[in-house]
Amino acid sequence: MPKDILKASSLTVSFADHTVLDCVDFSVKQGEVFALLGGNGAGKSTALKTFLGTVSPTSGDAYVLDRSVKKDINSIRKNIAYLPESVTLYGHLSGIENIEYFLSLGGINRTEDDIKQALNRVALQVNAWHKPLSSYSKGMRQKTAIALALLREAPVLFLDEPTSGLDPSAIDKFNQLVASLSEQGTTVFMVTHDVYGACQIAHRIGLLHKGGIVGMFERGSNDTIDTEAVHTAFSMRDH
Ligand SMILES: Nc1ncnc2c1ncn2[C@@H]1O[C@H](COP(=O)(O)OP(=O)(O)OP(=O)(O)O)[C@@H](O)[C@H]1O
Ligand SMILES: [Mg+2]
């Protein structure tokens with residue numbers, strides 16, 4: 001039985017008098033791709049940020065590899081990679097230079113060959129690799145950020161709306177990439193409002209609404225999640 005790599009335990013987050021997450025419990029096993037699905041403002045990014053330590057639990061706790069975000073965030077940060085909702089890279093640096101720069105900030109050494117391999121995996125066109133980011137489209141920036149997250153080679157990967165800005169063929173490649181990482185044992189936690197995208201990629205989906213997980217969906221005997229059931233549950237609460 002694979003062990004729990006991520007765990008939210010009575011996780012509550014409030015901003016001023018607004019409770020965004022109210023006693024949320026879930027766990028994610030090693031190699032699992034878990035998607036937290038919900039409408040805009042449901043608290044998905046907030047949940048993800050509690051695991052990164054950029055939002056603190058008001059009560060309860062969140063754990064990564066059995067370490068508490070309240071007590072051990074520095075050790076957690078060494079074991080995770082994060083793809084943010086809005087990619088912030090430097091416009092005057094090329095894709096390769098951005099990656100080199102951000103890896104060096106994290107004290108990570110990778111060869112230029114490693115970086116090129118990652119850019120190939122995310123299918124960023126070769127003729128863009130040495131061009132400044134300011135000339136990239138949104139999807140090209142997203143691919144660069146995904147390559148950067150991959151190069152951290154972390155056992156746990158956090159993705160916030162990872163396929164927004166990607167075209168259908170890039171989404172297919174991205175889904176294959178996540179599936180192969182998961183097969184190699186990487187645990188993936190993603191948040192999204194995209195029902196179809198979540199069903200394609202996730203082993204399990206938690207539906208977040210009004211501060212709580214109101215539905216949990218997993219792959220059935222045919223190894224797929226029932227998109228229609230998730231869509232119905234989601235739109236029922238879309239108010
Ligand atoms: N730092 C903060 N201070 C105050 N309120 C915040 C803060 N961060 C988030 N919120 C509020 O918490 C709620 C949930 O925000 P969050 O960003 O987690 O939503 P989301 O589910 O990721 O939405 P989206 O799909 O739009 O990305 C919103 O009402 C937001 O205004
Ligand atoms: Mg968000």
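Which residues in H3 meet Thr144, Ala147, Leu148 and Leu151 in H5? They are Gly95, Ile99, Phe102 and Leu103. This is a predicted model, in which local features need pLDDT of at least 70, side-chain atom pairs count only at pLDDT 80 or more, and totals for chains, interfaces and linings use all residues. Residues are numbered from 1 along each chain as its sequence is written, and side-chain values use heavy atoms, without hydrogens and water.

**Helix packing.** Contact here means heavy atoms within 4.5 Å. Helices (H or I, at least four residues) and strands (E, at least two) are DSSP runs, numbered from the N terminus. H3 and helix H5 (residues 138-151) pack at an angle of about 35°. Their axes are 10 Å apart. Axes are lines fitted to C-alpha atoms, for helices over the stretch in contact, and angles run from 0 to 180 degrees between N-to-C directions. The contact of H3 with H5 has six nonpolar, two polar and no charged residues. Nonpolar covers Ala, Val, Leu, Ile, Met, Phe, Trp, Tyr, Cys and Pro; Asp, Glu, Lys and Arg are charged; the others, Gly among them, are polar.

Leucine 150 also lies in helix H5. Leucine 150 touches Val122, Leu177 and Leu181, not counting residues up to four places away in sequence.

Serine 45 sits in helix H1 (residues 44-52) and glutamate 85 in the loop between strand E6 (80-83) and helix H3 (95-105), so the pair ties together parts 40 residues apart in sequence.

**Accessibility.** Buried means under 20% relative accessible area, exposed over 50%, and partly exposed in between (1.4 Å probe, protein chains only).

| Residue | Relative accessible area | Class |
|---|---|---|
| Serine 45 | 15% | buried |
| Glutamate 85 | 44% | partly exposed |
| Leucine 150 | 12% | buried |
| Serine 10 | 31% | partly exposed |
| Alanine 16 | 83% | exposed |

**Backbone.** Serine 10, in strand E1 (residues 4-15), has a positive phi of about 45° although it is not a glycine. Alanine 16 lies in the loop between E1 and strand E2 (18-29). Its phi is near 50°, a positive value in a residue other than glycine.

Key
Chains lettered and ligands numbered in written order.
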